[in-house]
Amino acid sequence: RDSSTSRGLGDVYKRQLLLGGAVEVDFELPTVEGGAASIDELLGEVRGVLAQAPSPALWGRIVELVNQCELDQAGPLVDYVDGHIERWPERAQSRCLAPRAWTLAMLQGQDTPAYGLVRCVDLSGMHVNTTAFKKLLGCAHLTRLTSLGLSTHDPLTKTAYKALARNPRFQAIEELALDGFEAEHVAELDAHAPGSGLRRLRCHEWSMWVERSDRFAALFGLRVCARVDTLALRVYSGSKAGEIFAELADDSKLPAFEHLEVDQTDRGGGGSAMPLNGEVLSCVIRDTPDDARRRVKTLTVRTNVDGHYRKAVSYTH
């Protein structure tokens with residue numbers, strides 16, 4: 001398509017990805033084609049949409065409307081919508097996850113006003129090199145980011161963590177999800193970050209981690225994690241997760257920690273994980289040292305068997 005034919009944001013994302021040559025085939029294309037509606041029409045429609053209660057479906061509809069904009073319409077629409085999102089509860093704002101097409105465009109250096117609505121970027125399972133990660137961090141409109149998922153297909157390099165720490169945006173990140181990190185790599189966050197607002201850590205336990213609790217010792221001991229009060233771990237049934245929990249006994253690590261969430265996953269998908277009941281809760285408690293358990297105000301355990309989560313059980317003292 002000739003570049004002058006349609007300038008809707010949805011078309012810009014698609015054209016940028018096609019020209020960039022590094023396109024993943026499974027991203028979701030915008031469901032609304034761009035360029036047909038006036039800004040008054042779009043504002044009228046978005047007012048009706050925003051009258052609904054915050055939900056993932058509402059966020060999806062907002063994304064559709066933004067993709068329908070011409071580039072010169074996006075600014076006013078984004079400013080209007082963002083004013084409403086700012087009044088949503090924190091939990092609802094966390095649903096403002098960059099759709100996959102937007103994330104792929106960010107990784108190629110595409111920047112648009114639409115990113116001003118994004119609160120969460122998740123790179124889970126994506127092939128992300130250091131250059132692409134730096135391009136994402138350089139998106140000038142990505143000003144509201146509070147949650148960043150770094151569970152990439154290939155672990156990020158030491159240079160990538162250094163770039164994150166040096167980026168002023170890191171100080172506004174409240175939630176960080178990590179997977180497959182190296183102790184020396186996350187140490188770059190302390191070496192280069194002037195400050196941190198981190199309050200929540202999410203970590204996945206790979207099978208290779210069970211003998212490498214030093215990674216968690218390094219992560220939990222970082223100065224940038226001093227304000228983290230919630231730790232969410234995804235562990236496998238039958239793993240040595242107790243070695244990870246043992247790191248929580250040292251109150252010099254994660255000194256503000258008080259909420260523990262455990263997602264217990266069936267490793268093989270064969271249904272071997274126990275049904276969610278008091279026994280599962282007891283196992284997690286038993287694997288948590290006394291000194292660590294005294295620090296936990298709220299413990300939430302979930303089990304995942306064959307891809308389906310069972311009802312959460314909470315313990316509070």
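## Glu175 and its surroundings

Apart from its neighbours within four places in sequence, Glu175 makes contact (heavy atoms within 4.5 Å) with Thr146, Ser147, Leu148, Leu198, Arg200 and Arg202. Glu175 belongs to strand E3; helices (H or I, at least four residues) and strands (E, at least two) are DSSP runs, numbered from the N terminus. Between the C-alpha atoms of Glu175 and Gly149 the distance is 8.2 Å, although 26 residues separate them in sequence.

Ser147, one of the contacts of Glu175, is located in strand E2. Ser147 counts as buried because its relative accessibility is 8%; buried means under 20% relative accessible area, exposed over 50%, and partly exposed in between (1.4 Å probe, protein chains only). Setting aside neighbours within four places in sequence, Ser147 touches Arg119, Cys120, Val121, Ile173 and Glu175.

## Basis of the model

The model is predicted: local features need pLDDT of at least 70, side-chain atom pairs count only at pLDDT 80 or more, and totals for chains, interfaces and linings use all residues. Residues are numbered from 1 along each chain as its sequence is written, and side-chain values use heavy atoms, with hydrogens and water left out.

## The chain as a whole

The chain contains 13 helices and 9 strands. It has 317 residues, of which 48% count as buried. Among contacts in the chain with a separation of 6 or more, 76% come from residues 24 or more positions apart.

## The largest pocket

The largest pocket has a volume of about 1200 Å³. On a 1 Å grid over the protein atoms alone, a pocket is an open set of points where a 1.4 Å probe fits, with protein on both sides within 12 Å along at least five of seven lines, and lining residues have an atom within 4 Å of a point. Grid points are joined across faces, edges and corners, and the volume is the space filled by probe spheres set on the points.

Of the 34 lining residues, Ser94, Ser147, Glu175, Arg200 and Arg202 are the closest to the centre of the pocket. At least two lining residues come from each of helix H5 (90-93) and strands E1 (120-122), E2 (147-149), E3 (175-179), E4 (200-204), E5 (230-236) and E6 (259-265). The lining comprises 6 nonpolar, 11 polar and 17 charged residues; Ala, Val, Leu, Ile, Met, Phe, Trp, Tyr, Cys and Pro count as nonpolar, Asp, Glu, Lys and Arg as charged, and the others, Gly among them, as polar.

## The nonpolar core

A nonpolar core is a set of buried Ala, Val, Leu, Ile, Met, Phe, Trp, Tyr and Cys residues joined through side-chain atoms within 4.5 Å. The largest such core has 83 residues, and Ile62, Met106, Val121, Phe133, Leu150, Leu231 and Leu260 touch the most other members. Helix H3 (residues 56-67) gives the most to this core, contributing 6 residues.

Beyond its neighbours within four places in sequence, Phe133 contacts Leu107, Leu123, Val128, Leu148, Leu150, Leu156, Ala160 and Leu164.

Helix H6 (residues 100-107) is largely enclosed by the rest of the structure, because 7 of its 8 residues are buried. These buried residues are Ala101, Trp102, Thr103, Leu104, Ala105, Met106 and Leu107.

In helix H8 (residues 158-166), Ala160, Tyr161, Ala163, Leu164 and Ala165 are buried. The buried residues of H8 pack against helix H7 (130-137), E2, E3 and helix H9 (183-192). In H9, the buried residues are His185, Val186, Glu188, Leu189 and Asp190, and they pack against H8, E3 and helix H10 (214-220).

## Individual positions

Gln171 is found in the loop between H8 and E3 and is partly exposed, at 40% relative accessibility. Not counting residues up to four places away in sequence, Gln171 touches Pro194, Gly195, Ser196 and Gly197. Thr298, in strand E7 (residues 298-305), has its C-alpha atom 4.9 Å from that of His259, 39 residues away along the chain.

Most residues other than glycine have a negative phi. Leu254, by contrast, has a positive phi near 45°. Leu254 lies in the loop between helix H11 (241-246) and E6 and counts as buried, with 0% relative accessibility.
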